[in-house]
Amino acid sequence: MTTTALTHIAQLVTNDPSLGEGPLGLIQDAAVVIDGDRIAWVGASSKAPATDNAVDAGGRAAIPGFVDSHSHLVFGGDRTQEFNARMSGRAYSAGGIRTTVAATRAATDAQLSANVAHYMAEALRQGTTTFETKSGYGLTVEDEARALRIAAAHTDEVTYLGAHIVSPDYADDPAAYVDLVTGPMLDACAPHARWIDVFCEKGAFDGDQARAILTAGKQRGLLPRIHANQLSYGPGVQLGVELDAASADHCTHLTDADIDALANSATVATLLPGAEFSTRAVWPDARRILDAGATVALSTDCNPGSSFTSSMPFCIALAVRDMKMTPDEALWAATAGGAQALRRTDVGRIAPGARADLALLDAPSHVHLAYRPGVPLVTDVWHRGVRV
Ligand SMILES: [Zn+2]
């Protein structure tokens, strides 16, 4: 296999404290050796072993590829008018998620697949090398299975979210929709997914329904994650912890008991500041969650309604500016934290044996991701050892 050395990296973030300084395992004037699709070696640039190829990073920083553990990319249409109305202070009554459900059902497979490919490519250019995505805009057996088939052609991290909202077709009988989600829809979807998710919220699914949905998924071999405590206080976070969900996502409204539950669990609190930004909502209190000892991940929640950004650097800037995370905490949360939220150990770090996913920044330090918001600092990306 071909080996490549990246040399003269001003600052390398390994996310492995045994390899460098602090929790990010920082190495100054570093080199990384890639062998095939894996990291083979990291260390001081002056000690880099001989390789087939060499790339001079020229004093730029290198970070692990971002791990975006929460997105909704299988959709048709967009919601520009809804966003414009919300930002212009005008009432807008047309259907939110229902608008996207109608457009998604009307789209062809080729249109949906092209849309996923488009936004994943957009994210990759911004340094995202691992991407989770969900169904949830089909809400019929056929449309949910179709969404997951399409998603699975683009990523291994595929989540069945038939329980996004109660299908408009079942508005009069939500219990029958839960039976569908845990019955025939699960049968059709489980072969295409790794994860099962539910939107546990007033107006979506309550705690008992969410428990039934995640439990049914676990019995079919799917791993649970949960949309929890986004718009209001509720049972989602503690239910996620009880069911050993890999992640409780949003975590905007948390009681002390919710925080305690997270801190004493393997469930990651995944914060999605793009959603609060795009809806002018209150920020999750990242400082309180971190200070309690819970693990935090950052993700985009990329979707056409409430957070239409694919940019992890943007989320890092928001997390530092408005959620009071340190630049180091935010970088870790967007890489290693995302990996933990997907229960992955092969991504989110630059260390021997890890997948060769990394990004070079047109900056001497990762801190510039928050210090220089909105600037396209990611100049080069390697994904599975291949320069993109
Ligand atoms: Zn979401």
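Trainee: What should I know before I start?

Mentor: Residues are numbered from 1 along each chain as its sequence is written. The model is predicted, so local features need pLDDT of at least 70, side-chain atom pairs count only at pLDDT 80 or more, and totals for chains, interfaces and linings use all residues.

Trainee: OK, helices. At what angle do α5 and α7 pack?

Mentor: Helix α5 (residues 174–182) and helix α7 (residues 207–219) pack at about 15 degrees. Their axes are 9 Å apart. Axes are lines fitted to C-alpha atoms, for helices over the stretch in contact, and angles run from 0 to 180 degrees between N-to-C directions.

Trainee: Are α5 and α7 parallel or perpendicular, roughly?

Mentor: Roughly parallel. Angles under 35 degrees count as roughly parallel, over 145 as roughly antiparallel, 65 to 115 as roughly perpendicular and the rest as oblique.

Trainee: Which residues of α5 and α7 meet?

Mentor: From α5, Val 178, Val 181 and Thr 182. They meet Gln 209, Ala 212, Ile 213 and Ala 216 of α7. Contact here means C-beta atoms, placed from the backbone, within 7 Å. The residues of this contact of α5 with α7 are 5 nonpolar, 2 polar and no charged. For those classes, Ala, Val, Leu, Ile, Met, Phe, Trp, Tyr, Cys and Pro are nonpolar, Asp, Glu, Lys and Arg are charged, and the others, Gly among them, are polar.

Trainee: Now α3 and α4. How far apart are their axes?

Mentor: 10 Å, for helix α3 (residues 109–125) and helix α4 (residues 141–152). The packing angle is about 45 degrees. That makes α3 oblique to α4.

Trainee: Is the crossing of α3 and α4 left-handed or right-handed?

Mentor: Right-handed. A crossing is left-handed if the near helix is turned anticlockwise from the far one by less than a right angle, and right-handed if clockwise.

Trainee: Who makes that contact?

Mentor: On α3, Asp 109, Leu 112, Ser 113 and Val 116. On α4, Arg 146, Ile 150 and Ala 151. The contact of α3 with α4 divides into 4 nonpolar, 1 polar and 2 charged residues.

Trainee: One more pair. At what angle do α12 and α13 cross?

Mentor: Roughly 145 degrees, for helix α12 (residues 312–322) and helix α13 (residues 327–341). Their axes come within 9 Å. This crossing of α12 and α13 is right-handed.

Trainee: And the classes of residue in the contact of α12 with α13?

Mentor: 10 nonpolar, no polar and no charged. Among those in α12 are Cys 315 and Ile 316. Among those in α13 are Leu 331 and Ala 334.

Trainee: Switching to strands. What does β12 pair with?

Mentor: Strand β12 (residues 247–250) pairs with β13 in the parallel sense, over 3 bridges. Strands count as paired if DSSP finds at least two bridges between them. Ser 247 has Val 268 of β13 as its bridge partner.

Trainee: Which β13 residues are on which side?

Mentor: Val 268 and Thr 270 are on one side, Ala 269 and Leu 271 on the other. In a regular strand the side chains alternate between the two faces of the sheet. Both faces of β13 (residues 268–271) are covered, and those four residues are all buried. A residue is buried if 20 or more other C-beta atoms lie within 10 Å of its own, exposed if 12 or fewer, and partly exposed in between, with C-beta atoms placed from the backbone.

Trainee: Is Ala 31 buried or exposed?

Mentor: Buried, because Ala 31 has 25 other C-beta atoms within 10 Å. Ala 31 lies in strand β2. Leaving out residues up to four places away in sequence, Ala 31 touches several residues, including Ala 5, Ile 9 and Ala 48.

Trainee: What about Asp 29?

Mentor: Asp 29 lies in β2 (residues 26–35). Asp 29 has a positive phi of about 45 degrees although it is not a glycine. Asp 29 counts as partly exposed because it has 15 C-beta neighbours inside 10 Å.

Trainee: Where does Arg 280 lie?

Mentor: In the loop between α10 (273–279) and α11 (286–291). Phi of Arg 280 is positive too, near 50 degrees. Arg 280 has 8 C-beta neighbours inside 10 Å, so it counts as exposed.

Key
Helix = DSSP H or I, 4+ residues; strand = E, 2+ residues; numbered from the N terminus. Contact = placed C-beta atoms within 7 Å.
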